[in-house]
Structures are given as C-alpha cells and as structure tokens.
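Please look through the sequence and the model below before reading on.

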Amino acid sequence: KVKLRCRKGIPSSLRAKAWQLLSNSKELLDQNPNKFEELERQPGDPKWLDVIEKDLHRQFPFHEMFAARGGHGQQDLYRILKAYTIYRPDEGYCQAQAPVAAVLLMHMPAEQAFWCLVQICEKYLPGYYSAGLEAIQLDGEIFFALLRRASPMAYRHLKKYKIDPILYMTEWFMCIFSRTLPWASVLRVWDMFFCEGVKIVFRVGLVLLRNALGSVDKLRSCQGMYETMEKLRNLPAQSMQEDFLIYEV
C-alpha cells in the first residue's frame, strides 16, 4: 500500500515527513540528539570548506531560497555539507551532494535534511560519493546490461559509438535526476526513490534512454558520438514530463 501511495505521488504537505520516515532518517535524528550542533561546532577541513563555498551559488540559483549569496538557503546548505565532511571525514565532500542537499532543504530544516542526506549517502547510494567513483562505475555496467534488455536499439547505438555509461549517467544517478528533470518529475521520482531505493534511479535512466535513442527515427539525428551526447544533454521534453515518465517507470 505504501509503495502504491508513493508511486501516486506524496502530497506536498506530507512530503518532508514521509521522506524522513521512509528513509529512516527520523530515527537517526532521534537517536542522535544534538549531534548535528556538535558537528557544526567543529572547524572542519579547510580543503573541503573551500570547495563547498565555491559550489553554493551553483545550486538552483533561480530558487528563492538559494538566489541570494550568503542568504538563508546557502548558509544552511553550507552547514549541512560541512557537517557531513566532519561526520564522514574519510568520504569528505563530493560536488553531487550539493544539489541533493539543496532539494532536501527545500522541504525540511537543516538538521532533518542532514540526516536525510546521511541516509542517501549510506543506505541508498553507498559509495557513490567517495573519491574513486567505483560504485557509480559498477552501477554503470549494470545499467548498460539492463539497457540491452530494455532497449536493444539504444544499447547497440551507444556500444557502436563507444559511449561509456559514466559519460551520461553520472549526473543522473549521483544527483538523483535533480539537475536533469523538470521539478514536478524530480519530486515524483524522489517519492518513489525513498520508498523503493536505487532501482527507481535505474528505471528512470532506462526510460530516458529508450525515449531518446530507442527507435530508428530517433537515431537518424544521432549519427555519431558528439550528436548522441548532445541528445542526451537535451533529452526530449515529452519523455521527462511527469505523467509520461512516471507511467513508463
């Protein structure tokens, strides 16, 4: 029942609460009272803080929360990302965490968003944000093998031009499509992602590829690696629309 409800879309008034319960981040928060403040009080590693600082203004610059330099949204984003580097010093900071944290902040206060981010990094996408990107490469291989079944035509085309999954799916997977899809679709994908896990990210990727490269007429305009990459950077708008995409997923 929960799965079907999440697939229908969580009402926006309940989304923050639902995401925290689905991800178990509420439980983490309750088990670690004051931990977030504790992390905030620590100075943090300057090498990470510099990189985080540079990334702040790149996240959803047109959203009222993040539009102002040094405004509330950017400050909270900085607090969360910095806290994570202290919480997991072995992992530090990865640029793809910033848009993910920003989406969480649009829905909940910083402390709740922090624990939600922890769950995404550790439970949902373990290893995605560590330095060597091994986990994302491995999932790229799995994704490509699944594509062979979901859309043999798209698979053969990408293979022919030696377009490695890491070239197009890294941002999709690591940012959970928050920088790819229209906003309404992002929220629906996240609703399902928190309920069903990483397989939703795979499915969305397969639907997008099938709709971009999955038929003869779609491939006519992609006669090479460059044209294909352009197409994947500018995906067909219809395939990203909420109703179409969620139904296909």
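**A walk through the predicted model**

Gln-59 touches Phe-66, Leu-77, Ala-98, Pro-99, Ala-102 and Arg-179, where residues up to four places away in sequence are not counted and contact means heavy atoms within 4.5 Å. The model is a predicted one, in which local features need pLDDT of at least 70 and side-chain atom pairs count only at pLDDT 80 or more, while totals for chains, interfaces and linings use all residues. Residues are numbered from 1 along each chain as its sequence is written, and side-chain values use heavy atoms, with hydrogens and water left out.

Gln-59 sits in the loop between α5 (46-55) and α6 (72-87); helices here are DSSP runs (H or I, at least four residues), numbered from the N terminus. Is this residue, Gln-59, buried or exposed? Its relative accessible area is 3%, so Gln-59 counts as buried, given that buried means under 20% relative accessible area, exposed over 50% and partly exposed in between, with a 1.4 Å probe and protein chains only. A polar atom of the Gln-59 side chain lies 3.0 Å from the backbone oxygen of Asp-55, which falls under the definition of a polar contact (a pair of N or O atoms within 3.5 Å; within protein, one must be able to donate a hydrogen and the other to accept it, and residues adjacent in sequence count only if both atoms are side-chain atoms).

The loop that holds Gln-59 also holds Glu-64, whose place is likewise between α5 and α6. Glu-64, however, has 74% relative accessibility and therefore counts as exposed. In helix α6 one finds Gln-75, which counts as partly exposed because its relative accessibility is 44%. The side chain of Gln-75 has a polar atom 2.9 Å from the backbone oxygen of Gly-70.

Why can helix α7 (residues 97-105) be called largely enclosed by the rest of the structure? Nine of its nine residues are buried, so α7 is largely enclosed.

Ile-176 is buried with a relative accessible area of 0%, and Phe-177 counts as buried at 0% relative accessibility.

Rolling a probe the size of a water molecule over the atoms shows where empty space is left. On a 1 Å grid over the protein atoms alone, a pocket is an open set of points where a 1.4 Å probe fits, with protein on both sides within 12 Å along at least five of seven lines, and lining residues have an atom within 4 Å of a point. The largest pocket has a volume of about 210 Å³, a volume being the space filled by probe spheres set on the points, which are joined across faces, edges and corners. Its lining includes Tyr-168, Glu-171, Trp-172, Arg-179 and Met-229, and α11 (165-174) and α15 (225-233) are the elements that give two or more residues to it. The helix that gives the most is α11, with four residues. The second largest pocket holds about 150 Å³ of space, and its lining includes Cys-94, Gln-95, Glu-171 and Arg-179.
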